[in-house]
Amino acid sequence: MMRADIKNSSQIETVLGYWNLDYPQICEQFHEESDRLIFKIKAASQGYLLKGIPCEVPEATVKSNVRAHLFLGNENGMAPKLYPTKTGEYYLRDQSHWFYLMEFIDGRKMEETPDDEYRIGNAARKLHNLRGYDVKSPFKQSKDRFYSWFRERSFVKEFDAILDMLPDFGTYDQCFVHTDIGPHNTILRGNGEVVFIDLDDAGIGSRYLDIGWPFIMQFVDFNHDTKEMRYRFDLAQSFLKGYYGEGKIHREEYDLLFQGAIQMHVSYMQVYGPYAVDSLWRILLFGIEQKEPLWEMIQGK
């Protein structure tokens with residue numbers, strides 16, 4: 001039972017035949033402009049999500065993604081679980097895409113509020129405490145590649161000086177990480193449990209890069225029209241309280257967290273194209289300036 005108005009419906013009908021589903025129906029297609037195929041499927045009153053990744057993506061990347069889902073979802077209930085095909089495989093390939101079928105999470109997308117940030121911080125701590133996974137995250141921890149960036153920019157010397165102060169995160173606290181933790185990649189189940197989605201770079205990596213990501217990338221609120229910035233101290237404090245509980249954060253730990261925030265922001269400074277670089281540089285400098293005020297707040301000064 002396929003909806004006639006859905007693009008690629010004949011392809012999806014063929015693909016779904018590899019799973020044991022009773023009269024599957026396509027309910028919705030997400031992100032139609034993307035080269036990824038993402039569909040909500042309903043079968044026997046149960047919801048599923050079928051995800052297709054272009055075949056240009058290496059199979060090793062797909063295998064890593066599947067293994068992360070099996071570990072975090074099927075084994076630990078913190079991500080959508082995957083369903084095996086009739087032959088017991090957890091992914092397959094057709095002429096254009098890799099496909100896997102996962103649980104459709106019945107809940108709501110999380111938001112940039114203190115309550116949700118507390119929940120996300122608490123879930124991130126649980127994520128980092130998981131054991132039994134040994135596949136390294138595809139995300140590169142080394143800062144070396146950044147030294148070739150922005151050679152023509154006026155701020156290159158200051159940029160390099162910032163890179164010089166960053167540590168080798170490969171020598172610190174390796175654990176299971178997501179690499180893009182925030183409300184945009186989390187869903188809150190009806191029972192209050194946090195579920196992580198989009199595990200493309202999940203695997204073993206640096207805890208400080210993982211928890212550092214939002215402290216500049218997310219908590220700096222940048223107005224694209226006025227170019228004005230403000231820091232969401234309320235969200236940052238809620239996330240930290242969720243992650244660390246009532247315990248005090250040691251200064252060395254805090255420094256590493258903020259260094260992780262800097263490196264994660266730098267890693268995104270080429271993603272949005274050359275015209276965004278200057279704004280991202282300003283955001284980086286503004287974010288660094290908030291380190292000491294935030295420290296004083298969490299110390300109760």
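The second largest pocket has a lining of eight nonpolar, three polar and two charged residues (Ala, Val, Leu, Ile, Met, Phe, Trp, Tyr, Cys and Pro count as nonpolar, Asp, Glu, Lys and Arg as charged, and the others, Gly among them, as polar). Here we're looking at a predicted model, where local features need pLDDT of at least 70, side-chain atom pairs count only at pLDDT 80 or more, and totals for chains, interfaces and linings use all residues. Side-chain values use heavy atoms, leaving out hydrogens and water, and numbering starts from 1 along each chain as its sequence is written.

A pocket is an open set of points on a 1 Å grid over the protein atoms alone, with protein on both sides within 12 Å along at least five of seven lines; a cavity is a set where a 1.4 Å probe fits but cannot get out, and lining residues have an atom within 4 Å of a point. Points join across faces, edges and corners, and a volume is the space filled by probe spheres set on them.

| Space | Volume |
|---|---|
| Largest pocket | about 830 Å³ |
| Second largest pocket | about 300 Å³ |
| Largest cavity | about 60 Å³ |

Back to the second largest pocket: of its 13 lining residues, Met217, Phe222, His224, Leu280 and Ile283 are the closest to its centre.

As for the largest pocket, 32 residues line it, with Lys51, Lys109, Asn185, Ile197 and Asp198 nearest its centre. Its lining splits into 15 nonpolar, seven polar and ten charged residues.

Searching the whole structure turns up one cavity of 30 Å³ or more. Among the residues lining the largest cavity are Ser137, Phe139 and Met264.
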